[in-house]
Amino acid sequence: IDEVRKLLGPVANKFPSQCCDASILRYLRASNWNAKKATKMLKETLKWRIQYRPDKIKWDDIAQEAARGKIYRANYSDKNGRTVLVMRPGLQNSNSVEEQIKCLVYCMESAISNLDEDQEQMVWLIDFQKWNMASISVKVTRETARVLQDHYPERLGIAVFYNPPKVFESFWLMVKPFLETKTYKKVKFVYSDHPPSMKVMEALFDMEKLESTFGGKNAENYDYESYAERMKKEEKQKYSKNFGGAKKSGDGSPSDRMSVVSEVTDSDFLASEVCSQVSDEADFSYKNEIGSYLEGLDEIERLQIDCKDNIDGGDEVKK
């Protein structure tokens with residue numbers, strides 16, 4: 001940690017919440033304890049946060065993307081106090097990569113800011129209802145991989161793939177070799193008609209609180225109006241806390257963890273300063289790791305095109 005702080009230099013003092021011990025440790029774990037690599041990753045994240053302003057995204061900015069409940073923060077945690085993000089990729093309702101990523105980032109920020117004091121990771125519940133191969137957007141998957149691996153390292157505790165179809169299992173076999181071992185080991189396949197796999201849900205969640213769509217006893221599933229009201233209420237509380245006598249930032253509390261932009265007064269100047277301090281040394285291995293993963297996505301895209309061509313050709317033969 002001390003080595004990373006030394007490499008960061010004065011930047012660390014200007015971004016106390018992002019450069020706290022817990023944050024630095026996440027980047028060190030993600031970089032296999034390589035201090036130079038962790039420092040580069042962290043500086044890149046600071047630059048991204050200043051320019052992209054993820055903590056300034058409001059509900060109204062993503063309300064349309066959230067209409068069908070393709071991704072949202074559940075109103076319950078797992079048994080370990082980890083925030084739960086529910087994802088339903090089969091309910092995609094837009095073609096805009098930019099807007100989809102904005103919605104993802106909004107939910108990530110919300111999930112992180114609502115973690116229990118002793119937690120820094122979250123749970124992803126991925127529901128495959130209405131999902132098929134056509135649901136895969138290589139562009140969105142590519143950008144999602146970049147954002148999550150570059151700027152939210154070590155945030156995933158466990159991912160539950162709930163009722164994935166057989167075709168997804170084939171897709172997963174193609175993607176898996178491009179992922180780090182510690183990442184794919186966090187993935188659990190669960191099937192509602194397979195009692196042994198459902199034990200994963202019982203071990204992770206209070207079944208009284210878990211939504212019925214995931215085998216729980218809570219009949220209250222996603223409701224757009226009530227979710228919008230909850231998000232707007234939290235935004236008002238966050239605003240009041242930040243500008244109405246909030247405690248001094250940098251203590252690492254959940255409400256303070258994502259307050260990077262509010263820590264600075266001249267973001268353009270600091271963005272330039274951070275950019276100038278990001279090392280120009282040879283690209284570290286984490287870029288190569290991501291590159292390998294993205295090469296896998298390119299292969300998947302080619303397979304999708306081949307499948308489509310075969311289907312179209314088959315239709316012509318039938319005609």
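What follows is a set of questions and answers on labels, contacts and helix packing.

Q: What kind of model is this, and what do the values use?
A: This is a predicted model in which local features need pLDDT of at least 70 and side-chain atom pairs count only at pLDDT 80 or more, while totals for chains, interfaces and linings use all residues. Residues are numbered from 1 along each chain as its sequence is written, and side-chain values use heavy atoms, with hydrogens and water left out.

Q: How many helices and strands are in the chain?
A: The chain has 13 helices and five strands. These are DSSP runs numbered from the N terminus: H or I over at least four residues for helices, E over at least two for strands.

Q: Why is serine 197 called buried?
A: Serine 197 has a relative accessible area of 8%. Buried means under 20%, exposed over 50% and partly exposed in between, with a 1.4 Å probe and protein chains only; serine 197 is therefore buried. Buried residues make up 46% of the 319 residues in the chain.

Q: What surrounds serine 197?
A: Serine 197 is found in helix H10, residues 195-204. Leaving aside neighbours within four places in sequence, serine 197 is in contact (heavy atoms within 4.5 Å) with Phe189, Val190 and Tyr191. A polar atom of the serine 197 side chain lies 2.9 Å from the backbone nitrogen of tyrosine 191.

Q: Why does alanine 22 count as partly exposed?
A: The relative accessibility of alanine 22 is 34%, so alanine 22 counts as partly exposed. Alanine 22 is found in helix H3, where Ser23, Ile24, Arg26, Tyr27, Leu28 and Ala30 are buried.

Q: What do the buried residues of H3 pack against?
A: They pack against helix H1 (2-8), helix H4 (35-52), helix H7 (138-151) and helix H9 (181-184). H3 is followed by asparagine 32, whose phi is positive, near 55°.

Q: Why are H4 and H7 called oblique to each other?
A: Their axes come within 9 Å and cross at roughly 120°. The axes are lines fitted to C-alpha atoms over the stretch in contact, and angles run from 0 to 180 degrees between N-to-C directions. Under 35 degrees counts as roughly parallel, over 145 as roughly antiparallel, 65 to 115 as roughly perpendicular and the rest as oblique. H4 and H7 are therefore oblique.

Q: Which residues make the contact of H4 with H7?
A: H4 supplies Met41, Glu44, Thr45 and Trp48, and H7 supplies Val147, Gln149, Asp150 and His151.

Q: Why does lysine 58 count as partly exposed?
A: Lysine 58 has 36% relative accessibility, so lysine 58 counts as partly exposed. Lysine 58 is found in the loop between H4 and helix H5 (59-62). Not counting residues up to four places away in sequence, lysine 58 touches Tyr106 and Glu235.

Q: What makes the pairing of asparagine 221 and serine 212 a polar contact?
A: Their side chains make a polar contact at 3.3 Å. The term needs a pair of N or O atoms within 3.5 Å; within protein, one must be able to donate a hydrogen and the other to accept it, and residues adjacent in sequence count only if both atoms are side-chain atoms. Asparagine 221 lies in the loop between H10 and helix H11 (224-243), and its relative accessible area of 31% makes asparagine 221 partly exposed.
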